[in-house]
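Please keep the sequence and the structure in view while reading.

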Amino acid sequence: MKPLAEQNHYELLEISREADAAEIERAYRLAQGAYASDSLATYSVFAEEDAVSLRERIELAYDVLSDPERRRAYDGSLAGEPAPPPSGGLAFELERERPARSPQKPLAPLAVAAFDDLEAEAGSSVYDGARLRRARMRRGIELEQIAQVTKINPTYLRFLEEERFDDLPAAVYVRGFVGAYARCCGLDLAAVVPSYMERFETGRIARKRGRPGQPL
Amino acid sequence: MTARREGESIITSLGSTTPPLASALRAARPRVLACGGGKGGVGKTFLVANLAAALARRGRSVLAIDVDLEGANLHTCLGVPSPRSSLADFVAHREEDLAKLVVDTPLRNLKLIAATQGHLGAAQPRHFRRERLLQAVHRFPADFVLLDLGAGTHPAVIDYFLAADEGLIVLSPEPTSVENAYSFLRAAFYRRMREALATRAVRRLIAQAMDQRNERGIRTPLDLLREIQSLDPAEGARFVASLQQFRPRLVVNEVRTSEDIKLGFAVRSVCKKYFGIDAEYLGYVNHDEAARRSMLARRPLVDSQPTADAAVYLTRIASKLADPRRASAEAREGAL
């Protein structure tokens, strides 16, 4: 247990000395959010001056560690320092994302829990709107971010998640929306798109049949 | 992974073939989970009811105990309208045998000790009574015992939390809830330290530290450690050891955005940076209208609607709890 003032850049960002660039980036963005001036998690614990100094040190840590040259020099300066003993263990570690194969890069995941494989639905091949939302949220992605990248109206993205099939445009557009959504979240398009589209088609037909008088 | 799962199934399969051995294993000790969090209305009871139901659905024998004598409603969430016995009977010395207070719930494998009141004004059990209760709880023949704690930071609540094998802190993404979660954590932290440390001078120091405006300028637990070390190095070492064993689990409820999910990571980071403790971010449960409807229907959501969005999250947390070896293996792999 080291006082904050004595923690090195790695300890401050809560990463190991071997962390790669992606891990550093993720840890930095999490820390940045956690210690932001309006952060829900910290305002009632840290005094303002402590919070300010923490923020400055987080920035410095990131500046140094994200620059390979500066990081090497810094590592050299730490050489004399014993590596930190393994901590109690963090059962909820940030997931290492698999590199995406799709041409459109997925949005950088922020914080993904390592319980993907514990998901009750892991064995299920059905991708409904709620599952899409779960996948998105787990990756720390907001709908607005997907909208920005894909230029799809965020309202439609929300309708996708809420399965408001009647409020969505024609199937050919929806197919494109789902594909773009899945890519952004780093999901497997081949699994997601057909499954969702099947729900979409049957959902629409069922609803039209259920409403006599409506033109088909 | 498969090996671990197989290991798990050995114990469960023993249950059907050699009952004496299985019950001997079981009698060894249930895993006791306590669910607190300081603020009322963040979903403690909802979480306990659903985790208990989810564990029971996985085939584990579960006892849920409502220790919230002032706001008992776990029985309602579990669909037991008017339990015929209550923890209040134990507190008031009307019944000494905890097993006699157990009532069935509509769910298989899930039993309940409710906290409905026979009369008004029954207070929290006194210290000795709490000890007795906890002893009985730790000997109860079940796979899991879940304690639904009341709101606030009453010593009784903190005692239950600390006596559990795992303490879950529930918070929702609101300033009031986060503040109360920290007060709860702080109270648990200092109480644990006071109990772990022996000398009177050090205990006095901790009592001072608990007063936020103390004269020694102890602001963080780390400051406190410094003070203790300079006062008594042996106690300082005990302090650190006790700290390392204290691992609260965080659950963020009522998540609506991915920003809300990050709250758990942020609170975990604060635990480490401010309290010096390794909290575990166990998981989150999203906001779901189906959850509210399940409360109105007085049935746990994971049972009435296992595919509902929130139920998926709840089931996921239950899987983590059901398989601690897996979780601890993950922890080892993820260790920094």
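What percentage of the contacts in chain A between residues at least 6 apart in sequence join residues at least 24 apart? The value is 62%, a contact being heavy atoms within 4.5 Å.

## Basis of the model

This is a predicted model, in which local features need pLDDT of at least 70 and side-chain atom pairs count only at pLDDT 80 or more, while totals for chains, interfaces and linings use all residues. Residues are numbered from 1 along each chain as its sequence is written, chains are lettered from A and ligands numbered from 1 in the order in which they are written, and side-chain values use heavy atoms, with hydrogens and water left out.

## Chain A overall

The secondary structure of chain A consists of 9 helices and 0 strands, where helices (H or I, at least four residues) and strands (E, at least two) are DSSP runs numbered from the N terminus. Of its 216 residues, 47% count as buried, that is, under 20% relative accessible area, with exposed meaning over 50% and partly exposed in between (1.4 Å probe, protein chains only).

## Helices H6 and H7 of chain A

Helix H6 (residues 143–150) of chain A packs against helix H7 (residues 154–162) of chain A at an angle of about 125°, and their axes are 9 Å apart; axes are lines fitted to C-alpha atoms, for helices over the stretch in contact, and angles run from 0 to 180 degrees between N-to-C directions. H6(A) and H7(A) are therefore oblique to each other, given that angles under 35 degrees count as roughly parallel, over 145 as roughly antiparallel, 65 to 115 as roughly perpendicular and the rest as oblique.

On the H6(A) side, A:Leu143, A:Ile146 and A:Ala147 take part in the contact, meeting A:Pro154, A:Leu157, A:Arg158 and A:Glu161 of H7(A).

## Helices H9 and H10 of chain B

In chain B, the axes of helix H9 (residues 200–210) and helix H10 (residues 221–231) come within 10 Å and cross at roughly 160°, which makes H9(B) roughly antiparallel to H10(B). H9(B) contributes B:Ala201, B:Val202, B:Leu205, B:Ile206 and B:Ala209 to the contact, and H10(B) contributes B:Leu224, B:Glu227, B:Ile228 and B:Leu231.

Within H9(B), the residues B:Val202, B:Leu205, B:Ile206 and B:Ala209 are buried. Seen down the axis of H9(B), these buried residues fall within an arc of 100°, so they line one face of the helix, the arc being that of the directions from the helix axis to the C-beta atoms. The face of H9(B) turned away from its buried side carries the exposed residues B:Arg200 and B:Arg204.
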